[in-house]
Amino acid sequence: MLLTRDGIKDIDKWRHAGIKLPNYDVEKVAEKTKQNPTWLHFGAGNIFRGFIALLQQNLLDKGLSKTGIIAVESYDYEIIEKIYVPYDNLSLLVIMHADGTLEVEVIGSISDKILADPLREDWVKLKNIFANPSLQIVSFTITEKAYNLKDFSGEYIKEVKEDIENGPEKPHGLMAKIVSLIYTRYLKGQYPIALLSLDNFSGNGERLFSSIKTITEEWVKKGFIEGKFLDYLTNPAKVSFPLSMIDKIVPRPSEEIKKKLEDLGIEKMDIIKTGKNTIIAPFVNAEKIHYLVIEDKFPNGRPPLEEAGVIFTDKETVEKVERMKVTTCLNPLHTTLAIFGCLLNYNTIADEMRDPCLKKLVEKIGYEEGLPVVVHPGVLDPKEFLREVIEVRFSNPYMPDTPQRIATDTSQKMAIRFGETIKSYKQREDLNVTDLKYIPFVIAGWCRYLMGVDDEGKAMTLSPDPLLEDLKSHVSKIKLGDVDSIQDNLKPILSNEHIFGLNLYEVGLGEKIENYFKELIIGPGAVRRTLEKYLENVNIYRKNY
Ligand SMILES: NC(=O)C1=CN([C@@H]2O[C@H](COP(=O)(O)OP(=O)(O)OC[C@H]3O[C@@H](n4cnc5c(N)ncnc54)[C@H](O)[C@@H]3O)[C@@H](O)[C@H]2O)C=CC1
Ligand SMILES: O=P(O)(O)OC[C@H]1O[C@](O)(CO)[C@@H](O)[C@@H]1O
């Protein structure tokens with residue numbers, strides 16, 4: 001069986017293999033989308049295909065929408081070349097249940113693909129779509145770093161500097177490309193639009209707005225674009241930047257799932273790693289559970305995604321629910337498992353959950369250190385959410401999620417995942433920031449991870465991170481087995497407000513972290529021994545919330 005528009009016409013074979021097919025005519029939907037584009041999505045990677053495209057597929061299946069999503073890739077063109085084109089933009093979604101059963105579905109809601117590159121013909125097509133009044137949503141899953149314009153010294157990064165100098169004709173970075181494209185829409189008729197960040201960090205819509213506004217202001221200053229464009233961009237009735245909280249664990253494609261699909265008779269299921277390090281396949285493997293909460297601010301309308309389970313609400317509720325997930329109930333625990341999983345050579349997050357010390361570590365961070373500062377968002381219950389994360393989602397033995405994937409870009413995540421809780425402790429009169437134990441312990445673990453040596457003392461490959469070289473330059477002077485070699489080498493990291501959102505020494509945690517770190521570098525096996533020392537004989541208090 002071939003995953004192509006022709007291939008899926010052989011309905012009986014797919015049904016016989018137990019694979020669900022779109023309940024609509026994929027080609028007709030693609031044609032309607034061409035005539036009436038409503039939704040563009042930047043970042044054609046795994047979460048888009050495994051979650052966002054599924055939502056639209058639900059609406060198409062139920063006849064609640066007539067058009068699909070157009071996938072746009074601005075960064076890693078190989079994804080389109082190798083994973084979209086050969087499969088006519090179709091993908092397979094494989095849901096892995098905790099009992100080992102698989103639910104497989106062909107996703108047909110991605111109606112077209114575009115390379116956002118001003119040097120290619122596609123750029124004209126993209127500009128035309130942006131100029132079309134029918135366009136309602138431009139959404140993004142492009143990773144947190146794609147929104148950055150400045151480096152940690154506050155200077156524009158090289159690519160952004162060049163984009164600012166060169167103007168809207170041939171932008172290179174995505175933020176400049178978006179300004180250029182939205183400017184086209186403004187010139188055509190100032191049509192309304194929602195720019196929806198679905199990336200996994202606090203205040204995602206605001207950060208998208210801020211980056212776009214900054215480029216706009218620079219281009220207005222240089223006379224590349226009209227000053228009145230700023231009025232359009234800052235008028236929420238015209239251009240909105242809804243906040244969102246997105247949650248679905250979509251691991252990288254797994255060899256085991258590939259084999260299972262091939263055993264079902266599906267051909268060409270190879271997993272690729274692109275030159276830009278995207279690991280992607282014609283299929284996406286994911287968990288069943290997911291949550292998407294979005295601020296309901298769509299000036300040009302939107303599909304009825306509530307019918308596909310999306311929660312639309314006000315800004316304050318999204319902020320609360322997002323803080324609950326990203327700063328407390330899921331992502332800090334994930335990052336904790338990523339760091340210690342790499343150090344202890346675990347292959348999956350689920351395996352780590354069977355390690356009593358690691359399980360207790362995430363329980364301590366979640367129930368005892370995190371939950372007391374979470375504000376109940378109303379639409380989801382934090383304690384129940386946390387329980388589901390720990391007991392059901394992370395523990396699912398069939399989820400092929402790796403600590404190495406989650407360890408990617410950790411420097412970009414520290415401030416949100418741990419810094420926010422530290423800040424809350426500092427602000428709260430009834431709590432004492434120096435009472436925190438396990439969050440500082442994880443930060444010490446991250447510094448230990450950066451040494452690039454596992455707990456057995458063997459070299460380990462570190463996951464990509466934009467600050468990796470800089471961070472490694474500090475810890476490279478520290479030697480496993482030589483506690484005194486710590487000297488002042490952690491100071492530049494732990495005092496860096498860009499990384500943690502605050503100076504950890506100023507809040508009274510720097511020395512505590514250094515002390516944990518010393519225990520972690522006593523020698524091979526020290527990570528395991530320290531974990532046991534602090535976690536083996538402790539109880540977990542799950543206070544009522
Ligand atoms: N995988 C997951 O479980 C979830 C992911 N997310 C969010 O989605 C993001 C992407 O995740 P995946 O799709 O799984 O990753 P992926 O590695 O499959 O795809 C990453 C996408 O981001 C694009 N990208 C990377 N750097 C870029 C840059 N500098 N400029 C423009 N585009 C860039 C890539 O080209 C690719 O399209 C995550 O960082 C997270 O914020 C949110 C919830 C769940
Ligand atoms: O650490 P990352 O790259 O943001 O990924 C964290 C994982 O947890 C999630 O937050 C689950 O929703 C997803 O973003 C991803 O599977």
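The model is predicted, so local features need pLDDT of at least 70 and side-chain atom pairs count only at pLDDT 80 or more, while totals for chains, interfaces and linings use all residues. Residues are numbered from 1 along each chain as its sequence is written, and side-chain values use heavy atoms, with hydrogens and water left out.

**Cavities**
- A search of the whole structure finds 3 cavities of 30 Å³ or more, a cavity being a set of points on a 1 Å grid over the protein atoms alone where a 1.4 Å probe fits but cannot get out.
- The largest cavity has a volume of about 50 Å³, a volume being the space filled by probe spheres set on the grid points, which are joined across faces, edges and corners.
- Its lining, made of residues with an atom within 4 Å of a point, includes His334, Arg393 and Asp401.

**Aromatic pairs**
- The structure holds 15 aromatic pairs, counted where ring centres of Phe, Tyr or Trp (its six-membered ring) lie within 6.5 Å.
- The rings of Phe298 and Phe312 have centres 6.0 Å apart and planes at 80°, so the pair is edge-to-face (planes over 60 degrees apart).
- Phe298 is buried at a relative accessible area of 12%, and Phe312 is buried at 17%, where buried means under 20% with a 1.4 Å probe and protein chains only.
- Ring pairs also link Tyr183, Tyr186, Phe229 and Tyr232 into a cluster.

**Charges over rings**
- Arg207 lies over the face of Phe201, at 4.5 Å from the ring centre, the criterion being CZ of Arg or NZ of Lys within 6 Å of the centre and within 35 degrees of the ring normal.
- The charged end of Lys248 sits over the ring of Phe51, 5.4 Å from its centre.

Terms used. Chains are lettered from A and ligands numbered from 1 in the order in which they are written. On a 1 Å grid over the protein atoms alone, a cavity is a set of points where a 1.4 Å probe fits but cannot get out, and a pocket is an open set with protein on both sides within 12 Å along at least five of seven lines; lining residues have an atom within 4 Å of a point. Rings of Phe, Tyr and Trp (its six-membered ring) pair if their centres lie within 6.5 Å; planes under 30 degrees apart count as stacked, over 60 as edge-to-face and the rest as tilted. Buried means under 20% relative accessible area, exposed over 50%, partly exposed in between (1.4 Å probe, protein chains only).
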